[in-house]
Amino acid sequence: MSSNCENECDPSHCSLIGDNCKLTYNESCVPLDIPEDILNELVDKAKDYALMHGACMRSKTAFDRDTLQFAPFFLLPSAFPKREFERVVKFQPIMNKLIHHVAQDYEFLKKCLKKTIMVDDFTSRLWKIYETVRSEGISQPHCLGLLRSDYFYNVPTLCAKQVETNTIASSFGALSPKFGDLHRYILGELGKEELLSKLPENNALEALCDGMIEAWKIYGNPKAVVLFVIEDVTYNICDQRFHEFEIRRQNPDVHVIRRNLTEISKRGKLTDDKRLIIDDKEVAVVYFRAGYEPAQYHTDVEWDARLLIERSLALKSPTISYHLAGTKKVQQELAMPGVLERYISEEESKLLSQLFTGLYSLDLHPEGDKAVEMAIEYPEKYVLKPQREGGGNNIYGEEIRTVLKRVQHSSEREAYILMDRIRPPILSNYVVRPHEPVKLIDVVSELGIFGVIIGTKDKIMVNKNAGHMLRTKMSTVNEGGVAAGQGGLDSVYLTD
Ligand code: ADP
Ligand code: MG
C-alpha cells in the first residue's frame, strides 16, 4: 500500500461494488467461516460479557428504566490500516488546538455563519446566545473541549478522511474501550492470542474524565459539582453513567448531577457574581450530553437554560463558541485555502489539510452555483449536509437532486454545505443485536478520535489525546446510528 495520500484508486486494491469499494487487502482478523456451533457459543459468551461489563443501553422500542440491554455490537474487531490510525491519533492535538483558536475568533465565526443564521433558526438561536454573552462580558475565560474527530478510511485515496469534528456531546468514550476488552476476550477464546497486540489500547474514559476533573480544579471550589446536561430520556445511559463513576473513582470529592434543560431552567439560577446554582448546588463544570438538536429545546424555557449556563462562571463543554466552531458550515470554511494557517503553523496546516476531503459552500455566488450544478449532475459523489448534529439529517443520492433543484435559486440553499462522499472499504463482520440472530453482513467502519483541550484565549493548559472509538454499520445504509439499530459498536484491529 502506498503511503502517499494523493494516490488515485489502484484497481489491484479495490473494485467498485455499487457506490462502494471492496478492499481486497483489508481482510478480517480471523477466517469468517466459523462453524455454527462454535459461533453460537461465542455469541453467547460475548453477549454475557457485554451485559456483565455494562456495555449496554436502554431499549428504545421497549423502554424500561430498570432494564438494560447489551448495545448492538460486532463480534470481531474491524480492520483499520495502522498507518492511518496512527496518523489521525497523532494529529488530534493539532485538531484540538485548531478548534480552540477558531472558537476564540468571533470575527471569523461571524463571517462563516452570517448567511447560515439568516436561514437556519437553530444556528441563529445559538448565535444570539453567543452575541448576548459577548456583549455582557464572558464570565469564564477557560474553555473545556471534549472533542471527537470522525474518519473513514477512504479507498480511492488510500488514506483517512475526516467526516467531522464533534464539539458537543461526543459519545461512546465509555462504551468503546469495553468493546476493545470484549474483543480481546473473544480472540482469546478463539485461540488467537497472537493477534492481541494489533488491538490498540484505549483510555478514552479515563482521559475524558480527567479533562473534566482538571476543569473542576480550575474552577476552584471543592464543594462545587459537575452538571451533566441530559436528554429527557437517556438511552445511552451506561456511556454517561460510566463517566460519572469514573470521575468519582479518580477524585471522590467530585460529585455529578444530571438535569435536562427544562429542569435547569426551572431550578437553576445565577448569583450576583455569576455562579451557577442548581437545587442549592454550585456548578463548576457543565458537560453537555444534550442540547445539540432543535428537538431538545421544546420551548423558549430550554433556550433560557442554555443562556443561563452560558452566562455563568462554570466551565462548559462546550462553550457556545465551541458549539458554533463545530458546525458544518465552519468545517467547510476551514477547508478553504489559507484559512488553517491563521490558527496553526504552516506545517501543521499541511498535515491537517491532508485529512480533509472536498467541502463546498452553497452560498449564492458563482462558486456556489458551480457546486450546486456539480451535485445535481453527480449526486452519488456527494453528501448534502444541513447544520445539524446527531445523525440522520444528511441527504444522499437522488434526494440531493430533489432538494437542490427545489432550493437552487433561493437563499435556502445557504443552510447546507456539500461534501465529497468518502468511500470506506467494505468488510464483513458478525452483527449481534438484542433479540436477533447473529448475522454475517457487509459493513463499513467509522473511527472516532477523542481529544481534550483546556485553555483561555491566550493560553492552552491541557491539550492531549483521549482514546478512540469505532462504530460500524451495514455498508448499504448511509448513516447507521448505534441506537437507531443499523450500526453497532466495534473496536480497531490494526492492519499493515
Ligand atoms: P452528524 O453531526 O449528524 O453526526 P455527520 O457529518 O457526522 O453528521 O454525518 C453523519 C453520518 O453520515 C456519518 O457518521 C457517516 O456515516 C455519514 N457521512 C457523513 N459525511 C459523509 C461523507 N462525506 N461521506 C460518507 N459518509 C458520510
Ligand atoms: Mg457525526
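The report takes up the sheets, then the cysteines, then the cavities.

This is a predicted model, in which local features need pLDDT of at least 70 and side-chain atom pairs count only at pLDDT 80 or more, while totals for chains, interfaces and linings use all residues. Residues are numbered from 1 along each chain as its sequence is written, chains are lettered from A and ligands numbered from 1 in the order in which they are written, and side-chain values use heavy atoms, with hydrogens and water left out.

**Strand pairing**

Helices (H or I, at least four residues) and strands (E, at least two) are DSSP runs numbered from the N terminus, and two strands pair if DSSP finds at least two bridges between them. An open, antiparallel sheet is built from four strands in the order β15-β18-β16-β17. Its edges are β15 (359-361) and β17 (395-396), each of which pairs on one side only. Within this sheet, Tyr-382 faces Asp-420 of β18. Helix α14 (residues 366-377) lies across β15, β16 and β18, and runs at about 120° to β15; the angle, on a scale from 0 to 180 degrees, is taken between N-to-C directions of axes fitted to C-alpha atoms, for helices over the stretch in contact, where contact means heavy atoms within 4.5 Å.

Elsewhere, β20 and β21 form a hairpin with four residues between them. Ser-445 stands opposite Thr-472 in β21, and Leu-470 has Asp-490 of β22 as its bridge partner.

| Strand | Partner | Bridges |
|---|---|---|
| β16 (residues 382-386) | β18 (residues 416-420) | five bridges |
| β20 (residues 439-455) | β21 (residues 460-474) | twelve bridges |
| β21 | β22 (residues 487-490) | four bridges |

**Cysteines**

The structure holds zero disulfides, a disulfide being a pair of cysteine sulfur atoms within 2.5 Å. For Cys-209, the nearest cysteine sulfur is that of Cys-238, 14 Å away. Cys-209 is buried at 0% relative accessibility, and Cys-29 is also buried, at 9%; buried means under 20% relative accessible area with a 1.4 Å probe, protein chains only.

**Cavities**

A cavity is a set of points on a 1 Å grid, over the protein atoms alone, where a 1.4 Å probe fits but cannot get out; lining residues have an atom within 4 Å of a point. There are five cavities of 30 Å³ or more.

Key
Buried < 20%, exposed > 50% of the residue type's maximum accessible area, 1.4 Å probe, protein only. 1 Å grid on protein atoms, 1.4 Å probe; cavity = no way out; pocket = protein on both sides within 12 Å on 5 of 7 lines; lining within 4 Å. Points joined across faces, edges and corners; volume = space filled by probe spheres on them.
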